[in-house]
Amino acid sequence: QVQLAESGGGLVQAGGSLRLSCLASGRASSSYAMGWFRQAPGKVREFVAAISWSGDTTYYADSVKGRFTIARDNAKSTVYLQMNSLKPEDTATYFCGATIHLRVDAGRYDYWGQGTQVTVSS
């Protein structure tokens, strides 16, 4: 089993930056690909970024490409989401997920954290 815990959310002004962290624990947690998703009130959970187990393959949603960077440190069992040039439309609860194979569809992820709130003001 894998347990995930997000941190690093907060309130920032447009154009600012935040770095989210997701700490993974449990048996074989380092063997999973990891993804970041976000969900705003009244909307479905949408894909943001994903990274392979080795860290050498990444995917990004078009809406965040060039602004967000996903990375992982398997020695620390942690995946990061560096968010730069934040926009009000980035406001959402951000979740990290774990999956056996790298993918972008939230419905096929096996484990989820409880989320961390990101609010971007104009």
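Visitor: Of the contacts in the protein chain with a separation of 6 or more, what percentage do residues 24 or more positions apart account for?

Guide: A note to begin with: this is a predicted model, where local features need pLDDT of at least 70 and side-chain atom pairs count only at pLDDT 80 or more, while totals for chains, interfaces and linings use all residues. Residues are numbered from 1 along each chain as its sequence is written, and side-chain values use heavy atoms, with hydrogens and water left out. A contact means heavy atoms within 4.5 Å. Among contacts with a separation of 6 or more, the part that comes from residues 24 or more positions apart is 57%.

Visitor: How many helices and strands does the protein chain have?

Guide: Both kinds of element are DSSP runs numbered from the N terminus (helices are H or I with at least four residues, strands are E with at least two). Along the sequence, the pattern reads β-β-β-β-β-β-β-β-β-β-β. The count for the protein chain is zero helices and 11 strands.

Visitor: What radius of gyration does the protein chain have?

Guide: The C-alpha atoms fill a box of roughly 40 × 30 × 25 Å along the principal axes. The radius of gyration is taken over C-alpha atoms, and the globule rule is 2.2 Å times the number of residues to the power 0.38. For 122 residues a compact globule would come out near 14 Å, and the chain agrees with that at 13 Å.

Visitor: What percentage of the 122 residues are buried?

Guide: Buried means under 20% relative accessible area, exposed means over 50%, and partly exposed is in between (1.4 Å probe, protein chains only). In soluble globular proteins, nonpolar side chains tend to be buried together. For this protein chain, the buried part of the 122 residues is 43%.

Visitor: Which two parts does the pair of Tyr32 and Tyr111 tie together?

Guide: Rings of Phe, Tyr and Trp (its six-membered ring) pair if their centres lie within 6.5 Å; planes under 30 degrees apart count as stacked, over 60 as edge-to-face and the rest as tilted. Tyr32 and Tyr111 are edge-to-face, with 5.7 Å centre to centre and 85 degrees between the planes. Both residues are buried. The pair ties together parts 79 residues apart in sequence, because these residues lie in the loop between β3 and β4 and in strand β10.

Visitor: Which residues do ring pairs link into a cluster?

Guide: The structure holds five aromatic pairs. In one of them, the rings of Tyr109 and Trp112 have centres 5.6 Å apart and planes at 35 degrees, so the pair is tilted. Tyr109 is buried at 6%, whereas Trp112 is partly exposed at 28%. Ring pairs link a cluster made of Phe37, Phe47, Tyr109 and Trp112.

Visitor: How far is Arg45 from the ring centre of Trp112?

Guide: A charge sits over a ring if NZ of Lys or CZ of Arg is within 6 Å of the ring centre and within 35 degrees of the ring normal. The charged end of Arg45 sits over the ring of Phe95, 3.8 Å from its centre. Arg45 also lies over the face of Trp112, where the distance to the ring centre is 4.6 Å.

Visitor: Which side chain is joined to that of Thr99 by a polar contact of 3.3 Å?

Guide: Thr99 is in strand β9 and is buried, with a relative accessible area of 0%. A polar contact is a pair of N or O atoms within 3.5 Å; within protein, one must be able to donate a hydrogen and the other to accept it, and residues adjacent in sequence count only if both atoms are side-chain atoms. At 3.3 Å, the partner of the Thr99 side chain is that of Arg103.

Visitor: Which backbone nitrogen lies 2.9 Å from a polar atom of the side chain of Thr91?

Guide: Thr91 is in the loop between β8 and β9 and is partly exposed at 27%. Its C-alpha atom is 4.6 Å from that of Thr119, 28 residues apart along the chain. The backbone nitrogen at 2.9 Å from the side chain of Thr91 belongs to Val120.
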